[in-house]
Amino acid sequence: MSAIGKRRIEKLMEGLDREINLAGSTVKNKLVVSAITGDTTLTTNDSGTVYIVAQGGSAITITMPTASTSTGCHFTFILGSTGSEDVHISCSGVRGETFGAAIEAINHALIQITGGTAARGDRCDLYCDGN
């Protein structure tokens, strides 16, 4: 019996024209978790990551990718430690939900985690629809 190469398996999988029944199967997936401790610029490759934000003694700016190139991207920010300075998430063209009294949308392009009043665990989930 001969071995089947990776390319052949990929071709066979691409050719499937039906649903795959995973009943009785276990599918495991771990989220990517990363820390933000200073100014950060995200890309579409960072989509799906959960960011633990350390609010400190100086303001932090997190810049999201451009909406027109980010359809389907999703980012989660959780406040891991509190501090006296604000965290600004520059997010033109994204939609989302915030959980915490000290996280607010300043306008359609900026979310602020307010220094001195935000609580550990406050969170913001952002989704991009491309507009």
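Analyst: Happy to, and please keep in mind that this is a predicted model. Let's start with Phe77, which touches Ile36, Leu42, Tyr51, Val53, Ile62, Met64, Ile89, Asp122, Arg123, Cys124 and Leu126, leaving out residues up to four places away in sequence.

User: Which residues of the largest nonpolar core touch the most other members?

Analyst: The core has 24 residues, and those that touch the most other members are Ile62, Met64, Phe77, Ile89 and Leu126. At least two core residues come from each of strand S3 (50-54), strand S4 (60-63), S5, strand S6 (87-90), strand S9 (110-113) and strand S10 (123-128). As background, nonpolar side chains tend to be buried together in soluble globular proteins.

User: Why is Thr76 called buried?

Analyst: Thr76 has a relative accessible area of 3%. Buried means under 20%, so Thr76 qualifies. Thr76 is found in strand S5 (residues 74-81). Setting aside neighbours within four places in sequence, Thr76 is in contact with Thr49, Val50, Tyr51, Arg123, Cys124 and Asp125.

User: How do you know that Thr76 makes a polar contact with the side chain of His74?

Analyst: The two side chains are 3.4 Å apart at that contact. The limit for a pair of N or O atoms is 3.5 Å, and one must be able to donate a hydrogen and the other to accept it. The 3.4 Å pair is within the limit, so the label polar contact applies.

User: Thr49 is among the contacts of Thr76. Is Thr49 buried or exposed?

Analyst: Thr49 is buried: its relative accessibility is 7%, and the cut-off is under 20%. Thr49 lies in the loop between strand S2 (40-41) and S3. Its side chain reaches the backbone oxygen of Asp46 at 2.8 Å. Beyond four places in sequence, Thr49 is in contact with Val32, Ser34, His74, Phe75 and Thr76.

User: What makes Thr82 partly exposed?

Analyst: Thr82 has a relative accessible area of 43%. Buried is under 20% and exposed is over 50%, so a value in between is called partly exposed. Thr82 lies in the loop between S5 and S6. Its contacts, apart from neighbours within four places in sequence, are Gln55, Ala118, Ala119 and Arg120.

User: How does the radius of gyration of the protein chain compare with that of a compact globule?

Analyst: For 131 residues, a compact globule would have a radius of gyration near 14 Å, but the protein chain has 20 Å. The C-alpha trace spans about 65 × 30 × 25 Å along its principal axes. Of the 131 residues, 30% count as buried.

User: Finally, how many helices and strands does the protein chain have?

Analyst: The protein chain has 1 helix and 10 strands. From the N terminus on, the elements run α-β-β-β-β-β-β-β-β-β-β.

Conventions:
Residues are numbered from 1 along each chain as its sequence is written. This is a predicted model: local features need pLDDT of at least 70, side-chain atom pairs count only at pLDDT 80 or more; totals for chains, interfaces and linings use all residues. Side-chain values use heavy atoms; hydrogens and water are left out. Helices (H or I, at least four residues) and strands (E, at least two) are DSSP runs, numbered from the N terminus. Buried means under 20% relative accessible area, exposed over 50%, partly exposed in between (1.4 Å probe, protein chains only). Contact means heavy atoms within 4.5 Å. A nonpolar core is a set of buried Ala, Val, Leu, Ile, Met, Phe, Trp, Tyr and Cys residues joined through side-chain atoms within 4.5 Å. The radius of gyration is taken over C-alpha atoms; the globule rule is 2.2 Å times the number of residues to the power 0.38.
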